[in-house]
Amino acid sequence: MKNKKGIAFSIFALCALVATAFIFLYLPAQAAQPGDAADPLVTRRFVEDRISQLSDEIAVLRAAIGLGATVQQPATSTTGLGANISTGDVDAIIAEVLYHFESIYGERLNRALQNVPGPGYEPREAEVVPFIVVNPQAGQIITFEQGAEFILRGGRGTAVTGVDGILDVTAGVDVTNGTEISHNHLMMIPRTDGRGVHFHSEAWIMIRGGYTFLN
């Protein structure tokens with residue numbers, strides 16, 4: 001009985017080790033901050049070495065319970081943890097341990113697997129949308145689409161909004177209808193509902209995102 005418990009404990013401990021290593025490598029920590037202890041940066045070599053180490057540990061455990069690479073297996077194992085334990089008992093122990101292991105770690109492993117790139121995956125850099133420079137004239141109005149950003153570099157313009165304003169990201173405030181737009185402040189449009197800028201002189205404005213001249 002002691003031997004059976006020892007085998008079960010060893011298998012479960014190894015499974016837990018594999019699961020923990022896998023989850024921490026591939027499942028992003030929800031509260032991690034870039035660069036802190038909960039968000040380690042690892043290299044490909046580190047991951048490969050860790051997988052190799054775990055593979056070696058699995059091989060050692062299989063050999064200890066009589067599941068090594070030898071083709072002819074005796075009816076009972078007489079070495080290591082598997083002494084005087086039949087192969088049928090070993091199979092039953094493994095099945096029971098894996099059942100409990102799945103109930104504890106199954107959900108977390110499935111979540112981790114969703115973050116593992118599939119075969120043929122090639123990482124791509126995120127597309128960066130550049131600002132473009134627009135030169136509106138006095139009297140013209142530009143409206144923007146949701147998520148658009150702009151910076152007024154020169155000239156005068158006032159906000160065109162409804163009840164809500166345009167977000168001045170630099171100052172951290174809402175710019176309401178009729179308020180003059182500050183130079184060199186990053187502005188953002190919350191939604192596509194006609195918000196924009198009415199220009200009172202020739203102006204130079206940097207825009208990233210969708211926009212439309214009304215006149």
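**Overall fold and nonpolar core**

Of the 215 residues that make up the protein chain, 26% count as buried in this structure, which is a predicted model. The secondary structure of the chain amounts to three helices and 12 strands, and, among the contacts that link residues at least 6 apart in sequence, 72% join residues at least 24 apart. The accessible surface of the chain comes to about 13900 Å², and carbon and sulfur atoms account for 56% of that area.

In soluble globular proteins, nonpolar side chains tend to be buried together. The largest nonpolar core of the present chain holds 17 residues, among which F144, F150, I181, F199, I205 and I207 touch the most other members. Two or more residues of this core are given by each of the elements β4 (141-144), β5 (149-154), β10 (196-199) and β11 (204-208). When residues up to four places away in sequence are set aside, the contacts of F199 are with P136, Q137, A138, G139, Q140, I142, L152, R156, G157 and I205.

A further residue, I189, is found in the loop between β9 (186-188) and β10. Because its relative accessibility is 1%, and the cut-off for a buried residue is under 20%, I189 counts as buried. With residues up to four places away in sequence again left out, I189 touches F144, E145, Q146, G147, A148, F150, I166 and R195. I189 and G165, which are separated by 24 residues in sequence, lie 8.5 Å apart in space when the distance is taken from C-alpha to C-alpha.

Note on methods. Residues are numbered from 1 along each chain as its sequence is written. This is a predicted model: local features need pLDDT of at least 70, side-chain atom pairs count only at pLDDT 80 or more; totals for chains, interfaces and linings use all residues. Side-chain values use heavy atoms; hydrogens and water are left out. A nonpolar core is a set of buried Ala, Val, Leu, Ile, Met, Phe, Trp, Tyr and Cys residues joined through side-chain atoms within 4.5 Å. Buried means under 20% relative accessible area, exposed over 50%, partly exposed in between (1.4 Å probe, protein chains only). Helices (H or I, at least four residues) and strands (E, at least two) are DSSP runs, numbered from the N terminus. Contact means heavy atoms within 4.5 Å. Accessible areas come from the Shrake-Rupley method with a 1.4 Å probe; for residues, only the protein chains shown count as cover.
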